[in-house]
Amino acid sequence: MTETTATTELREPPHLSDATPGRAQLGRVGDFLLRSILPLVLAVGTGSIVLVAIGVDPIQYYKDVYSGGVQFAAWQDSLMRVAPLLLIAVGLIVAFRAGIWNLGMDGQFLLAAAVISGIGSRFEEHLPNTINLVVLFLIAGAVAAAWTIVPAVLKARYELNEIITTLMMTFIGINLAQILVKGPFQDPSTTTPQTRALDFSALLPSIPGTESSTRRWPGVHVGVVVALIAAFVVWFLLSRTSLGLRLQVLGASTRSARHMGLDVPRLIIVTFLLSGMFVGFAAATEILGVKGYQRADWDPAFGLSVVPLVFLARLHPIGVIPYVVLLSLASIGGDYAAQNAGLTPKFTLLLVGLTLIYMALTEWIARRAELGGSYFPGASYRRQRASGTG
Amino acid sequence: MTSVLAATDVFSEQALTALVAGAILAGVPLMFAALGELVSQRAGVLNIGLEGMMLMGAYAGFVAAYHGGTEWLGYGAGLLAGAGVSLLMVLFCVRWGLDQIVTGIAITLTCEGATGLIFEAEFAESRPTLGAADKVAVPVLSDLPVVGGKGESNGSIFTQPLIVYIGLGLAVVVAWVLRRTHMGLNVRAAGDAPGALDAAGVSVFATRSWAVLFAGAMAGLGGACLAIVSTGLFQDTIVGGRGFIAIVLAMLARGRPLWAILGAMLFGASLSIADWAQVAQINISTDLIFMLPFLLVLVVLVLFGRRAYLPAALALPYERGSR
Amino acid sequence: MTTGSPTKPAIDGSEHPAVELVQITKEFPGVLANDRISLSVRRGEVLCLLGENGAGKSTLMNILSGMLRPDGGEVKLDGRGVDIDSPKHAIRLGIGMVYQHTSLVPQLTVLENLMLGESGMRLNAADAEARLRELGGSLGLDVDPRATTGTLALGQQQQLEIIKALWRGSKVLILDEPTSMLTPKGVEELEQILARLKGQGLAVVFITHKLHEAISMSDRVAILSQGRLVGAIEPDELRSATHDELQERIVALMFGRHASQPAVAELAAEAEWGRSRRVLDTEPALELEGVTVEPGMGEIGAREVSLVVLEGEIMGIAGVDGNGQRELAEAIAGQRSLAAGDVRLFGHSIARFKVAQREKLGLRYVTDDRIHEGTIGSLSVALNMVLKRIGKRPFWERGRIRYAAILSRARELIGRFQIRTPTPETRVATLSGGNVQKVVLARELSFDPKVVVYSKPTYGLDVMTTRSVRQTIHQQAREGVTSIVISTDLEELLDLCDRIAVISRGRIVGVVENGPSAQQRVGELMVGGKAA
């Protein structure tokens, strides 16, 4: 066995970064470029080719993305998109770090959104504004967390694969949300299937000095701040607390976790609940910050498009922030550019999927050159398993 | 909600026929996809990208059938499209040993994005449709009530487009291949103990690659059936979770193709309850109906999931010399 | 014990040996596994490749069987140079290999396993069955063709592997540590099979790290140490010298000039310690009463196990692998729940206690799976040492990690257990097997251990680390710690333990006091006889 020296991070407890030492060393800059930039570049490049094939001018398209996402006041709109995306990313990171595939985030998101859209308007008369907002936030978190209980228990007690169960819950959740919006939460004053709109005053306050065009209330809402705080909280949780280490042990190996005396079923459920909670908060920022109400057919599907970002950032809650910002810009700008080009906004989804594919490619390249490090925390473990004795 | 217990309407011949016919219509795409996934899982590859492959198959199948004038071109195109997408899976997961789950998600995402794009670009305005596929009526049996289906617009068990019977036959063939040929033996060994297969001198990579390609082809074919037979049109939400249902079906089928058929028809029934409800004049919200298949999956998983057969080396990449 | 098996000289008159390895070299990152090794094997001859773990024996044979390609050197079969690029190729050339870890698919039937890899489209079960009967007969074996392979006893599985290795008509048979899973009777049966194979003109190579096997089962011994061929013992010498002379010569060859008389004497002295009986007059530290554990898939479980281990005692549990040892160990540690029975620690029942609680009471478990269970490779050495105390003082204060405390503790343990690691923050995945085991020991043996369960503690380790692990166990016993050592290595148990229990199919079939006749009695118990 080799006894190479590991490059260690001194400022941060080593267990947070997952890089395994490799034979060749690219240097931090080279590694960053290869791992974190190259896939994006390749995806954008491929996207351009696709655009050309459809007859859209890629330069113009990306220019539009820029102007729609960044220029003038647009960057503030993009900033607001960061809130839900970052919160979902953080929720995913908590789960993935523990080796739990919570793929139900879209269902959790919509249900939480539906519930607070529906009942939010009922509370606002009785409670002072700030308390109302806090309560709604907590309710959203609770609803989304509750929606993870079924897959959580199934995995904890019966070891049922959570990929399938969370996906099923997503489909059920999306439909349930629609039923709720069309049913008990329907706005009685209109026939369009949507909930009653919250009063302006009941929405999230803005950060002073900002402005925005996409929400009904001018200014960037504080949800962004909430998201940033959440990212730091999760970073702290994972790297400095006992719960965080327990999650990582669980993520490394369920067998080891049991051996070390961890209460695995309880950990699984706690992880799911935490993960769901953040997704619920994401829904709250979007409803209480941007939309104020919910239409029955609304399904922004933030969840799945955040997945590649989370891996690009190697499951680091702070490291994912720049990627989320990038995706926000691409989404907001992309909506604008797509409109101009007569395309569907789903194009961004294509770019995201391509990014993930190119990430897999760079992963392979890095592996071949034995550069060490990995996007996917489970990868080295799975390789070890297949290889028997180390 | 009007009373569900209008018994005469609910169990009328028309209603039941609609149920059975609908079950088959919805079940056939599931059957193909599940069959393919079953083989892939047996060989040790968990193919989460099935949904994406079905989508591409649906698109390719629809376009080919629409422009080519015959459904068979559509099926062929669907096959090829699905297999083409699965090449990614072969390359990344089988050959390069990358994480199967993440690759599967990536494939699904990309296909969703791509087909969404294409749908908007090509069909959003025109929304073309295909005529109903020609049906083959099994002599004698197609005269039976409820299950016969002769003359019905949707047919029934014994009156279906030829592709359906081909699919049923295919399941039987797959079962036979798995049990009685070397190819089948290799597939089983690849999933249970790839090291042993390698030591016996058979290429694990080749075996798994073929299995994955087969799964992709079947998924593509299933998607094409969805577009051509089941609905007659294409839109980007056409698959809507069926790929994932097929994955579960494959897991629950415990490696036996005939169970996959049964499961597919069962879930097909749950997917088509909307039609049945309509004919039986039951008034249930469509959202509730759409939830049913997924609820059913959960229930079935809870009841039978613990006995789901999963090959020992599922989702683990194989590396030679690493015993 | 006979030295050298009765044998005739090479059967056919051809000049060329069946297999010849010429200057084989193979390198892995940081390790020269094979360094210009040259050997040959004749037809009708049994060659033993002897060496400690990590000496390069398996690598060499993997080259011969097509799993690996050499970096330098040449392989010759019957005098002709060949380039074996895959197991398939090796099989075609007539080289059959029986691996240490089974190369059979447990879920398939015997016939299916045998047919695996044959050409053609359809499976021809009838032909296969006929051939099985033929081959089995010539070796004196009888296996049920329709049995599911996973349900066969380990000895039978190995016999099936030999049949499979010969299935396509082999001229060379390689066996990798064939006796590691066998009972003494199984070893005898294996010797008979080897004799028959020799009679049929096959060239046989078997790999082992056990000295006495090499001496008793082979015609020639080739000794490997650290990737090099350091010596060979020819048939004449094997036949004529005594066992002790041969042992001395082999040890001298293996350890070079460091193996002076004192070293051998030291080894012998340590063996003496184990064999002398200690008189223990203490209270029971660990009691198992009717312990029953439900078996999972492919397991045997534990059936009404009752055992009393006295304080300060070293109790061994002997048995062929897969007879319920792991289930029992996990039940003691608290990782599995009891279907029936009780576990008592110093008189108090702990059956309801979870792993963490038992750990706190001083009950420790050194698992045999040090890489996938005992440590987390992606975490640092320092963290691995406190993984069973997450959240507890002084390493965590109110949920927050106190990294300085962890590091200082780690440095202390690294010194005490002489763990070779660049820094305490190095990831465990980069350490050698021996050092990983030391990390596990450091963790389990800190914070006042009272009862420690060791599962295969020296499995796969190099000689130096093996010695130090055994010394550690001795040392702990002198300090009053109770030890339970589960091992498949009878020598080791005889070396270490005061008493040895034998586990078979989930039950304790007997407990033997260590002494001169212990080996024989344990062997009988393993096969099903009763201890005298």
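In which loop of chain C is Pro394(C) found? Pro394(C) sits in the loop between α14 (381–384) and β17 (396–397) of chain C. This is a predicted model, in which local features need pLDDT of at least 70 and side-chain atom pairs count only at pLDDT 80 or more, while totals for chains, interfaces and linings use all residues. Residues are numbered from 1 along each chain as its sequence is written, and chains are lettered from A and ligands numbered from 1 in the order in which they are written.

**Composition of the chains**

- Chain A contains 15 helices and zero strands; here helices (H or I, at least four residues) and strands (E, at least two) are DSSP runs, numbered from the N terminus.
- Chain B has 13 helices and two strands.
- In chain C there are 19 helices and 22 strands.

**Burial and contacts by chain**

- Of the 390 residues in chain A, 57% are buried; a residue is buried if 20 or more other C-beta atoms lie within 10 Å of its own, exposed if 12 or fewer, and partly exposed in between, with C-beta atoms placed from the backbone.
- Chain B has 323 residues, and buried residues make up 61% of them.
- Chain C has 532 residues, of which 48% count as buried.
- In chain A, 77% of the contacts between residues at least 6 apart in sequence join residues at least 24 apart; two residues are in contact if their C-beta atoms, placed from the backbone, lie within 7 Å.
- The corresponding share in chain B, among contacts between residues at least 6 apart in sequence, is 78% for residues at least 24 apart.
- In chain C, 69% of the contacts with a separation of 6 or more are between residues 24 or more positions apart.

**Helix packing in chain A**

- Helix α6 (residues 149–158) and helix α7 (residues 162–182) of chain A have axes that come within 9 Å and cross at roughly 160°. Axes are lines fitted to C-alpha atoms, for helices over the stretch in contact, and angles run from 0 to 180 degrees between N-to-C directions.
- That angle makes α6(A) roughly antiparallel to α7(A); angles under 35 degrees count as roughly parallel, over 145 as roughly antiparallel, 65 to 115 as roughly perpendicular and the rest as oblique.
- The two helices α6(A) and α7(A) have a right-handed crossing. A crossing is left-handed if the near helix is turned anticlockwise from the far one by less than a right angle, and right-handed if clockwise.
- On the α6(A) side, Val150(A), Pro151(A), Leu154(A) and Lys155(A) meet Glu162(A), Thr165(A), Thr166(A) and Met169(A) of α7(A).
- By class, this contact of α6(A) with α7(A) has four nonpolar, two polar and two charged residues. Ala, Val, Leu, Ile, Met, Phe, Trp, Tyr, Cys and Pro count as nonpolar, Asp, Glu, Lys and Arg as charged, and the others, Gly among them, as polar.

**Leu40 in chain A**

- Leu40(A) belongs to helix α1 (residues 27–54) of chain A.
- Leu40(A) counts as partly exposed because it has 19 C-beta neighbours inside 10 Å.
- Leu40(A) and Tyr358(A) are 318 residues apart along the chain, and their C-alpha atoms are separated by 7.8 Å.

**Helices of chain B**

- Helix α2 (residues 13–42) and helix α10 (residues 242–252) of chain B pack at an angle of about 55°, with their axes 8 Å apart.
- This angle makes α2(B) oblique to α10(B).
- The contact involves residues of α2(B), including Pro29(B), Leu30(B) and Glu37(B), and residues of α10(B), including Arg242(B), Ile245(B) and Met251(B).
- By class, the contact of α2(B) with α10(B) has 11 nonpolar, two polar and two charged residues.
- The crossing of α2(B) and α10(B) is right-handed.
- Helix α11 (residues 257–271) of chain B, with 15 residues, reaches 21 Å from its first C-alpha to its last, close to the 21 Å expected at 1.5 Å a residue. The expected span of a helix is 1.5 Å times one less than its number of residues.
- Among the buried residues of α11(B) are Pro257(B), Ile261(B), Phe267(B) and Leu271(B).

**Backbone features of chain C**

- Arg393(C) and Pro394(C) are joined by a cis peptide bond, with omega about -5°.
- Glu304(C), which is not a glycine, has a positive phi of about 45°.
- Glu304(C) lies in strand β12 (residues 302–310) of chain C and is partly exposed, with 14 other C-beta atoms within 10 Å.
- Arg505(C), a residue other than glycine, has a positive phi near 50°.
- Arg505(C) is in the loop between β21 (499–504) and β22 (507–513) of chain C and counts as partly exposed, with 16 C-beta neighbours inside 10 Å.
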